[in-house]
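Please look over the sequence and the model before reading on. The points below are meant for someone who has not seen this structure before.

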Amino acid sequence: METRYSYAIAVLLISIAPRFSTAQSSTVQINRAARDTWTPLMEVLKSERNVPVTEAQLQRLRDLPIEAVWGALQNKRYLRSFEGGFQLTVPNPKLVGRAVTMRYLPVRPDVMQGVQALAKEGDWDYQYNVRAGEDLKPGDVVVVELGGMVDRATFLGDVTGLGMRVAGALGVIVDGGIRDLSEFVPMKSFPIFYRGAHASAMADQVGVQWNGPIRLGGITVLPGDIIVADAEGVLAVPPQLVADVIKDAEMTVYTENFKREMMRSKKYRARDIYPTLSKELEKVFEEWKKTHPLAGVKPNTEGN
């Protein structure tokens, strides 16, 4: 009996051994000098997020009000997707493009030593505001985690900003400081969202992660997210959701165009129009749709 029992245990261990071996050896070969920072999270999400976003889609996002895009993200359960409270170099910007993310931490000797060693291995400048002028691509939006720091935490000045602009960046969003504000104000096609301006240079913070997950105030931004930003604030849209978000946002705008028209007509009570249509107006809406195409819908602000 004991011999048969021992034999059964041995067979069981042999049968499950490959499973443990496979689990323990499921590693990823990491090149620490790669141009993008490797992180386990982005590796897991890579296949889901590998969805091309077209220029036509980016243009639709530029045309849509940020509130409608926000609402579409809420419907997808992306509840923490909007960050506001920025100062602006351009009074009424509309910034839409691909996020290139950068994370900064307070300087200390060992961190600085490691950052400079990696930069040497990868042949990039350890100063991310300088590196950005070399590595950014047209259509990129720079998004920087700086923990809201401003004094001695100014991510860019006019020279490094010009480098980013020449490389093709559409704009910059910094949860921290900038300098040379008077030089940026005339750059109407290169909006910068920032927490504060200061004369100091970037002395107390150093970039530790390029194109990895970051925190922008109260939201998460992943590299490759589609940034939609205007005077109200910043939205981060996952690329795999762009098509659905546009569709939902356009329907919101379409419905609200009808509601505005009904408000202006003065034929109905406000409560019959907003927030939801009355039974009578639902029928009117169905007729209205026949003469108002949904394709390419834009906000109707006439008479506002």
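1. Basis. This is a predicted model, in which local features need pLDDT of at least 70 and side-chain atom pairs count only at pLDDT 80 or more, while totals for chains, interfaces and linings use all residues. Residues are numbered from 1 along each chain as its sequence is written, and side-chain values use heavy atoms, with hydrogens and water left out.

2. Overview. The protein has eleven helices and 13 strands; helices (H or I, at least four residues) and strands (E, at least two) are DSSP runs, numbered from the N terminus. Of its 304 residues, 41% count as buried. Here buried means under 20% relative accessible area, exposed means over 50%, and partly exposed lies in between, with a 1.4 Å probe and protein chains only. Among contacts with a separation of 6 or more, 76% are between residues 24 or more positions apart; a contact means heavy atoms within 4.5 Å.

3. The largest nonpolar core. A nonpolar core is a set of buried Ala, Val, Leu, Ile, Met, Phe, Trp, Tyr and Cys residues joined through side-chain atoms within 4.5 Å. The largest one has 28 residues, and Leu-61, Val-69, Ile-226, Val-228, Val-237, Val-245 and Phe-258 touch the most other members. At least two residues of this core come from each of H3, H4, E12, strand E13 (233–237), H9 and helix H11 (279–289). H9 gives the most to this core, with eight residues.

4. Helix H9. The 24 residues of H9 should span 34 Å at 1.5 Å a residue, and the end C-alpha atoms are 35 Å apart, which agrees. The expected span is 1.5 Å times one less than the number of residues in the helix. Buried residues of H9 include Val-245, Ala-249, Val-253, Phe-258 and Met-262, and also Glu-250 and Lys-259. Among the elements that cover the buried residues of H9 are H3, H4, E12, E13, helix H10 (270–273) and H11. Leaving aside neighbours within four places in sequence, Phe-258 is in contact with Leu-277, Leu-281, Val-284, Phe-285 and Trp-288. After H9 comes Lys-266, whose phi is positive, near 60°.

5. Helix H3. Which residues of helix H3 (residues 55–63) are buried? They are Gln-57, Leu-58, Arg-60 and Leu-61. Seen down the axis of H3, these buried residues fall within an arc of 155°, so they line one face of the helix; the arc is that of the directions from the helix axis to the C-beta atoms. Their cover includes helix H4 (66–75), strand E3 (94–106), strand E12 (226–230) and helix H9 (242–265).

6. Strand E12. Five of the five residues of E12 are buried, so E12 is largely enclosed by the rest of the structure. Ile-226, Val-228 and Asp-230 point one way from E12, and Ile-227 and Ala-229 the other way. Two strands pair if DSSP finds at least two bridges between them. E12 runs antiparallel to E3, with five bridges joining them, and Asp-230 is the bridge partner of Lys-94. E12 also pairs with E13 in the antiparallel sense over five bridges, where Ala-229 stands opposite Val-234. A hairpin through two residues joins E12 to E13.

7. Strand E5. Five of the five residues of strand E5 (residues 171–175) are buried, so E5 too is largely enclosed by the rest of the structure. Strand E4 (residues 140–145) pairs with E5 in the parallel sense over five bridges, and Val-141 stands opposite Gly-171. Two bridges join E5 to strand E7 (residues 192–194), and these two run parallel; Val-172 stands opposite Ile-192.

8. Single residues to check. A cis peptide bond joins Tyr-274 and Pro-275, with omega about 5°; Pro-275 is in the loop between H10 and H11. Asp-180, which is not a glycine, has a positive phi near 60° and counts as partly exposed at 30% relative accessibility. Asn-211 also has a positive phi, of about 60°, although it is not a glycine, and at 13% relative accessibility Asn-211 counts as buried.
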